[in-house]
Amino acid sequence: MSAPSEFQKRIDGEWVGRPSLFDPQGTWRGYEDIRRSSVFDNGVTTYYMDGGLTGGGDLAGRFALGAPFAFGVRDSDTDRLYTGPDFFGSGQPYGGFVDANYYGPGWQVSLNTWNQTLGDTQVYSSVLYQGPALVGVFNGVYTRDPKLVDERLETETRCGPVPFTVPTKEKSSYAGDLELWGANQQPLGGLRMELAINPVSLLVAEQHLIMSGPVESDLTITVRRDGVRSFHEGPDVYGNGNAYGRANFVRLHTQDGRRLVGREFMIDAEPGMGAGSKLAVVYQMFEHNALAAVMHGVLERT
């Protein structure tokens with residue numbers, strides 16, 4: 001290519017963060033200090049990652065590596081192919097969100113990485129697999145603004161282990177405008193989403209998931225929380241979720257054959273007994289077991 005793709009332009013620069021590592025049950029284990037960038041030069045894109053693991057518990061040996069990562073990328077706005085030597089696989093951009101599946105020989109894991117770019121901020125997670133078994137999860141928030149690096153690292157150190165939660169004693173609503181993309185990676189317009197929460201007890205809430213625009217729905221869900229686990233128990237949606245720090249991963253099923261696979265990331269969650277106000281969301285929507293659309297954006301609590 002003679003010029004970088006639009007997605008490559010969007011993620012230009014060095015991104016700095018301190019994502020947290022969680023074990024398969026959602027228990028916090030440590031931090032990964034990372035500086036990463038993807039550089040387009042003379043028609044060739046190379047991805048660089050430098051850093052190291054702090055802590056890690058029984059996962060530390062697997063994710064310690066005595067050299068920085070580097071791997072080639074065949075850049076495009078449809079498929080981004082990762083050509084090794086440190087990662088092999090591919091990623092598909094949907095506007096500012098990329099869904100990537102690849103293998104890291106150094107870590108000996110398959111990774112499903114979701115990276116949501118919001119201006120100079122990235123909301124990042126990598127779910128790590130050994131075959132079908134979950135090995136761990138990295139997630140955190142990155143910045144590429146040099147003036148905000150120290151603040152971001154301090155925030156990730158303080159807030160990385162904070163568990164995902166929503167208000168449990170008062171009604172609340174998270175709402176915002178999302179981007180909607182087809183499975184063919186073409187934009188389908190804007191989508192309005194609202195998640196209205198009415199607590200029933202400290203562990204149970206009635207939620208209304210309302211979407212308007214190209215996708216219309218008004219779903220009522222009883223959601224029960226058990227530690228970092230959640231259970232969606234009808235009447236309109238059934239499924240479950242597991243939180244890894246501020247990121248809550250859900251798999252939700254409706255009675256008309258739709259499925260939502262999503263990540264709800266409480267960007268501004270702080271230690272304490274409250275809940276954050278800014279929810280970065282990504283959902284893959286399946287119709288009768290086939291990917292139909294991808295939606296992503298930010299919901300604000302009102």
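Select E287 to begin: this residue is partly exposed, with a relative accessible area of 28% (partly exposed lies between buried, under 20%, and exposed, over 50%, using a 1.4 Å probe and protein chains only). The model is predicted, with local features needing pLDDT of at least 70 and side-chain atom pairs pLDDT 80 or more, while totals for chains, interfaces and linings use all residues. Numbering runs from 1 along each chain as its sequence is written, and side-chain values use heavy atoms, without hydrogens and water.

R258 is partly exposed at 22%.

Next, select E156 and R246. They meet in a salt bridge at 2.7 Å, N to O. E156 sits in helix α3 (residues 149-159) and R246 in the loop between β17 (237-244) and β18 (247-254), 90 residues apart. Both are buried.

Move to R29. It pairs with D23 in a salt bridge, closest N and O atoms 3.0 Å apart. D23 is buried at 5%.

Finish at R36, in strand β3 (residues 28-41). What does its side chain meet in a polar contact? The side chain of Q122, at 2.8 Å (N or O atoms within 3.5 Å, one able to donate a hydrogen and the other to accept it within protein; residues adjacent in sequence count only if both atoms are side-chain atoms).

Definitions and conventions:
Helices (H or I, at least four residues) and strands (E, at least two) are DSSP runs, numbered from the N terminus. A salt bridge is a side-chain nitrogen of Lys or Arg within 4 Å of a carboxyl oxygen of Asp or Glu.
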